[in-house]
Amino acid sequence: MDGEALELVVVIGANPPERLDKALARDVPEEASLSRSRLMRLIAEGGVSRGGVALTDTKARVAEGDEIVVQIEAAIELEARPEDIPLSVVYEDDELIVIDKPAGMVVHPAPGTPRGTLVNALLHHCGDTLSGIGGAKRPGIVHRIDKETSGLLVVAKTDRAHHGLAAQFEAHSVERLYLALVNGVPDAGDPRLKGIRGVSFEPGGVVKITTRLDRHRHERQKQAVFFDRGRHAVTRARVLEAIGAPPQVSLVECRLETGRTHQIRVHMAHAGHGLVGDPVYGGRRKVSANALPPGGAEAVATFPRQALHAATLGFTHPKSEERLTFVSPLPPDFEDLLAALGAPRQA
């Protein structure tokens, strides 16, 4: 490999896959952000070794306890540039700004999406007033929502606001309510749900899902449910409306106690009620056309993104200490989907 490189030592864990590339994909630290395809390229380029000997065969066998050295070219920090991209600003003052993000917009630049992100738009809108804590790539970013998820997020314009908001997210005192259209009906009275590990029930028809979330063992871009490793995650879901006769999908209110990557998508899939339109976590379940209005089943099958919207965001202002709560209506594509299913429009 040419150029400056960083060395990452990966210790192979118990019961490793037989292939080198699969074992590395399983055991490489999450923060390294190395997909299996990239690991395969590094192996082919001679960037992976054991005991000082290069391993150039992706199918090479490994054993528990092997120390594999992976040489990674030093990453170049992307410098986000201001771009004149329209923003839906819900609230703004000298400390922070609340944005209603459209589906399809990435929050911050990454190697595959260096432009057109929320950060690029914020740099144009806010100038140099964003908090510098996130660095050149993530100025002011306190939390994020997925590219194809629409809705509310708050961005810090000062370091004081950044620290104050981050502390609230860490203490789980930020109110985050999402609306999701899911397959089936996650009814608290369903005996099937009672048999799923991590699922419990609370008053008011609330289904509580408590697990740990971590990188998928084999597909490193995905998250997966675990109970022995990963980060603690809690989601509460309540059915607002079951749609169809018999019900095929349902509009669900999801409240986050924690905010992990893909949390709602993974938890609802774990409960057997993946989000409509979710291509990653199995949300493209076939529904009965006879149980829905004409065109309803097609609308479900062709919805181009996960049907998830960050509808409510509440937090304490880090300077004034006033409690602020913001509500975002469902975007047109989500409303059109509900209309095709014969559901009433949401206030």
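Visitor: What share of the contacts in the chain with a separation of 6 or more comes from residues 24 or more positions apart?
Guide: One caution before the answer: this is a predicted model. Here, residues 24 or more positions apart supply 64% of the contacts with a separation of 6 or more.

Visitor: How many helices and strands does the chain have?
Guide: You can count eight helices and 15 strands. The radius of gyration is 22 Å, close to the 20 Å that the globule rule gives for 347 residues, so the chain is as compact as a globular protein of that length. Along the principal axes, the C-alpha trace spans about 65 × 50 × 35 Å.

Visitor: Into which domains is the chain divided?
Guide: The division gives domain 1 (5-73), domain 2 (89-171) and domain 3 (176-319). Taken over C-alpha atoms, the centres of domain 1 and domain 3 are 34 Å apart. The contact between them takes eight residues from domain 1 and six residues from domain 3.

Visitor: And what percentage of the 347 residues is buried?
Guide: Counting residues with under 20% relative accessible area, buried residues make up 47% of the 347 in the chain. As for the surface, the chain exposes about 16500 Å², and carbon and sulfur atoms supply 49% of that area.

Visitor: How many positive and negative side chains are there, and how far apart do the centres of the two sets lie?
Guide: There are 42 positive and 45 negative side chains. The centres of these two sets lie 6 Å apart.

Conventions
Residues numbered from 1 in each chain as written. Predicted model: local features only at pLDDT ≥ 70, side-chain atom pairs only at ≥ 80, totals over all residues. Heavy atoms only, no water. Helix = DSSP H or I, 4+ residues; strand = E, 2+ residues; numbered from the N terminus. Rg over C-alpha atoms; globule rule 2.2 N^0.38 Å. Buried < 20%, exposed > 50% of the residue type's maximum accessible area, 1.4 Å probe, protein only. Contact = heavy atoms within 4.5 Å. Areas by Shrake-Rupley, 256 points an atom, 1.4 Å probe, with all protein chains shown as cover. Lys, Arg positive; Asp, Glu negative; His and termini not counted. Charge placed at Lys NZ, Arg CZ, Asp CG, Glu CD. Domains from an automatic or database assignment.
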